[in-house]
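Biologist: I would like to learn how to read a model of this kind, going from one feature to the next. Could you take me through it with care?

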Amino acid sequence: MTGALAHRNFRLFFFGQGISLIGTWMQAVALGWLVLGLTNSAFAVGLNQALRSLGVLVFTLYAGVVVDRVDKRRLIVWTQVLQMLEALALALLVWTKTATTWQVMVLALLFGIVSAFDIPARQALLVELVGRDNLMNAIALNSSMFNAARIVGPAVAGVLIGATDVGMCFFLNGVSYVAVLAGLVAIRLPPFAPRAAQHSAWEGFRQAVEFLRSDARMSTIVILVAVFSVFGFPFLVLMPVVARDVLHTSARGYGLLMAAVGVGAMLGALALALAGRRVNQGRALLQSGAAFAALLVGFATARSFGLALLLLALAGCAMIITTALANTGLQTLVPDALRGRVMAFYAFVFVGLAPLGAFQAGFVAEHHGAPTAIALGGVACLIGMAVAAWRAPELRGTG
């Protein structure tokens, strides 16, 4: 084995997380089905998803301060246990036929709060598992595994919901957390040496802000991810509308469109993992981001189902390369003492701003149509890439 997989600790984390993520995507499909059945409201389905991101938006910047002060592996164990309990609680509510809308919404809100601590902790732990030299390989492999699970999980969920009920999806997701917990417990790391808290949470947050502002590459990457999160990535939210009203296809066609994104993303992540340190990270980030933006504009004009599938696969590939390189760029440049806080900023703009992106895309699509909303998002991302290349020309030379 070479690269990140040569490290025993990473293998344990990678394969455990891979099993758990299949369960996570099973739950995502089942949850939408459950909320729709309880409410018969598309708005409620969207609200539930927004609540699962709200905790990240509100708490993740504070969580970054916590991550830099505590044992990251122990913190992740606790967050995974809490997310496992949430999945099992949903299964229990379904099987006892006591599930109500407010209960599901409260659980979604609690899940988001836990995620606010889980996401930056998992991102910051990677460098401790593989070291800086294999960091990009580890992030790319994680991305490929995430997208493979995004293909497998919904497919399994569809079969289970048809054969049993949504409760089984929640239960199996809860069980799947055992794999990642077992991997985390088996990881061998040097004993954790707690740092004395020499500053308040606010001062810790301020230090991270000052560090980001002091490096044009860092601040530019964070701003770029924010632009893509608000204007670029919401094309996925509009996919049902595009499938039904623009391409005039069925639910099966919608599934194929989403699968095309996942397949492209998985292949892009694997290509990045294989390329390894031969990639000029900064230049590739700018190029893949520009390609993604251009592909969005192209997809917005597509009226052929086959052409749409091809453009979505390419967009998924460019999207995952962009986000993986942005993640790697931040983790390579940040000192270990600030890693948790900087990755909390990454989680804040990448996940926390997603509801804002979904809102703006839905608003524009409601008034001007989904293709216009997607095309304008692509144009906004192209402008963002041009500004980034002008603002931080040193990115082009980043190895």
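Modeller: Let us begin with a pair of side chains, bearing in mind that this is a predicted model: the side chains of D118 and Q80 are joined by a polar contact of 3.0 Å.

Biologist: Where is D118 found, and is it buried or exposed?

Modeller: D118 is found in helix α4, which covers residues 101-130, and with a relative accessibility of 2% D118 counts as buried because the cut-off for that class is under 20%. Leaving aside residues up to four places away in sequence, D118 touches Q80 and also I76, T79 and Q83.

Biologist: How should I think about the spacing of residues along a helix?

Modeller: An α-helix has 3.6 residues a turn, so residues three or four places apart point the same way. For a check on length, take helix α3, residues 72-95, whose 24 residues at 1.5 Å a residue should span 34 Å; the C-alpha atoms at its ends are 35 Å apart, which agrees.

Biologist: What caps the N-terminal end of α3, and what follows the helix?

Modeller: The cap is D71, which has a side-chain oxygen 3.1 Å from the backbone nitrogen of R73, while α3 is followed by K97, a residue with a positive phi, near 55°.

Biologist: Which residues line the largest cavity?

Modeller: Its lining consists of I221, L224, V225, F228, F233, L285, T322, T323 and A326. The elements that give two or more residues to this lining are α8 (216-232) and α12 (305-333), and α8 gives the most, with four residues. Sorted by class, the lining of the largest cavity has seven nonpolar residues, two polar ones and no charged ones.

Biologist: Which residues does G289 touch, not counting those up to four places away in sequence?

Modeller: G289 touches F228, T322 and M385, and of these F228 and T322 are also among the residues that line the largest cavity. G289 itself is found in helix α11, residues 281-301, and is buried, because its relative accessible area of 0% falls under the 20% cut-off.

How values were computed. Residues numbered from 1 in each chain as written. Predicted model: local features only at pLDDT ≥ 70, side-chain atom pairs only at ≥ 80, totals over all residues. Heavy atoms only, no water. Buried < 20%, exposed > 50% of the residue type's maximum accessible area, 1.4 Å probe, protein only. Contact = heavy atoms within 4.5 Å. 1 Å grid on protein atoms, 1.4 Å probe; cavity = no way out; pocket = protein on both sides within 12 Å on 5 of 7 lines; lining within 4 Å. Nonpolar A, V, L, I, M, F, W, Y, C, P; charged D, E, K, R; others polar. Polar contact = N/O pair within 3.5 Å; in protein donor to acceptor, adjacent residues only side chain to side chain. Expected span 1.5 Å × (residues − 1).
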